[in-house]
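Here's a quick tour of one model, with a few local details worth a look. Have the viewer open as you read.

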Amino acid sequence: MTEETTGGRATLEAEGLRKVFRDFWKRPRTVAVDGVSLRAGPGEVIGLLGPNGSGKSTTIKMILGLLQPSAGRVRLFGLDPSSPAARARLGYLPELSNLHKFLTPRETLAYYAGLFGMPAALRRDRTAALLRRVGLDGRAADRPVGEFSKGMARRVGLAQALLNDPELVILDEPTSGLDPVGRREVKDLVRELGAEGRTVLLSSHLLAEAEDVCTRVAILVDGRVRAEGRLADLLERRDRVRFTAAGLPDGRAEAFRRELEAAGATSVEVDRPALTLENYFLEILRRTRAEEAAEEAK
Amino acid sequence: MRRVFGAIRPVAVSTAIEGLQQPVVLLLSLACFVLVALQPVVQLHTFGDSARLARDCGMGFLLVFGVLVAAFTAGSTLAAEIRDGTAATALAKPVSRPAFLVGKFLGSCAVAAVFAWCQTWAVLFAQRTAEAWVETAKTAGDRRDALCALLSLVVPALALGLAALVNARTRRRFGLWFFAFLAALPPLAAALLGLFARDGSWLGLAGWSLGLDLRVVPLAFQLLLLVAVFCAIATALTTRLATGPAVALSFLVLMLGFLADGAAAGGPAGKLLYALVPDAQHFWTADALARGGTIPAAHTLRAALYAATYCAAVLALGCVSFRKKDL
């Protein structure tokens, strides 16, 4: 990814990252990541895509300074990733929520806020606001996280990742364990973060999810970047044109198809665009809730 | 600098809260309290040494169970956090690895301190239960303080009951409240006991006396220091080893520590061993209390300095080992 695409001011720069895991005798065991370079600027939502074991989480951990790269370098805001100044400006959601099971969501957020050195008043305000934002205010906020479902724990994880109002948000499989409503909320949140000018790096093996929110993607296979670029550029089929119309009377579509073929077009297809299953599901859910509310109002 | 080291407190507090809620820590504390409270009741043929036996056994229990509690907190907390990724989440925040390690150590020490506070009361009660030696023209033997024995068994039972009540009524966490009650009830029980003589007769407010032999307190503190040294060794080892090997190795170092002063008199290997392992004999000074003796404050202070220095050295090595650890 080039400097032009990030507008010159890079939040995240990774060059030639390589990670070789070694055995007890220091012999090379696995090359998890090999020559990965990334660059991201404000307002970009970058998707790190790849199948399981492709090196996404290893790359993220090297970017965070949690794993030492065997080769290559990382800069966050122009700083070393292990520097407290850089870490104070980023939020990280790990692949598994990794929470202390005996702490409640409120205590969990207070704990992480303490690590940021937040003053008590700000800590209380941020904790309350984030618990509301992830839908865990009320009684759930005071139950030990160990009692939570995977999806609820994921919400606590998301809240802790946003605690410091980060400029760079790194989300490792953010929707894992969430129901369709939760997935949609996370996608909306990621879009919102991008729109606010924050840099978001998210890893996923769910392509539809990345397609919905990412502005750019890098596809990792066996630890190497096999394709990267703006999503629109990568997915656009320059040899195809699509028309979408409403209010066309039945039968007229066939006439248009013949007209296009007469104009020299090949492989002309006429179909009706479908909703995504996610949108259909959310629509049914919204309708049911509206009916329930109307019933209750009676 | 303040931001980096300011992280020690939240890490220590969360470690302590987690530790106190571990069911195994609760069970060990409960078992230790009951065993210490019961042992003067089951002693036979003590020939006037029942109080000393109660004290020595109680302190032995405090040390062994304290080390077990430390093994389950210091030995498991960091290893488990590295394994399950909790450490990675915390260390992606502006926290230095040394601050995180020190916070883990202090949190484990806090759990050990709560344990030691509760068990010291158990030893004080056990001593009072066992203390009376009665000689008449026809017979001689121990007369136990039945009220003290009863109260020292009621305390843990009441702590369990009250914690259960708080949990049922308010959903507050059972483990934390159990320890809160187990720490708060013994001083109240001691105040109540002061109203009675050892034979159970009523003294009233005017005749109130504490009636507990507080000379064991410095000894209990020294044992807590030894447990803290164990915590430091276990915490440092878990930066590289899994819980099992780290705890086993920590036990080995502690055992060698009890033999270290003998080894120091030997050849260079013995001297090297003495230099490397903590001299546990500095902390076990129960014999000083025999025949009414006391532990000099200067010794306790020196033991504290020795423990602090040893912990600092071990934790420094732990920090070096943890600095580049892949998480």
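## Cysteines

Let's start with B:Cys57, which is partly exposed at 34% relative accessibility (buried means under 20% relative accessible area, exposed over 50%, partly exposed in between, with a 1.4 Å probe and protein chains only). By contrast, B:Cys32 is buried, with a relative accessible area of 0%.

Keep in mind that this is a predicted model, where local features need pLDDT of at least 70, side-chain atom pairs count only at pLDDT 80 or more, and totals for chains, interfaces and linings use all residues. Side-chain values use heavy atoms, leaving out hydrogens and water, residues are numbered from 1 along each chain as its sequence is written, and chains are lettered from A and ligands numbered from 1 in the order in which they are written.

How many disulfides are there over all chains? The count is zero, taking a disulfide as a pair of cysteine sulfur atoms within 2.5 Å. B:Cys32 is in none, as the nearest cysteine sulfur, that of B:Cys118, sits 10.0 Å away. For B:Cys57 the closest cysteine sulfur is in B:Cys32, and at 11 Å that is too far for a bond.

## A threonine in H6

B:Thr120 belongs to helix H6 (residues 97–130) of chain B; helices here are DSSP runs of H or I, at least four residues, numbered from the N terminus. With 11% relative accessibility, B:Thr120 counts as buried. Neighbours within four places in sequence aside, B:Thr120 is in contact (heavy atoms within 4.5 Å) with B:Leu62, B:Val217 and B:Ala220.

Methods
Helices (H or I, at least four residues) and strands (E, at least two) are DSSP runs, numbered from the N terminus.
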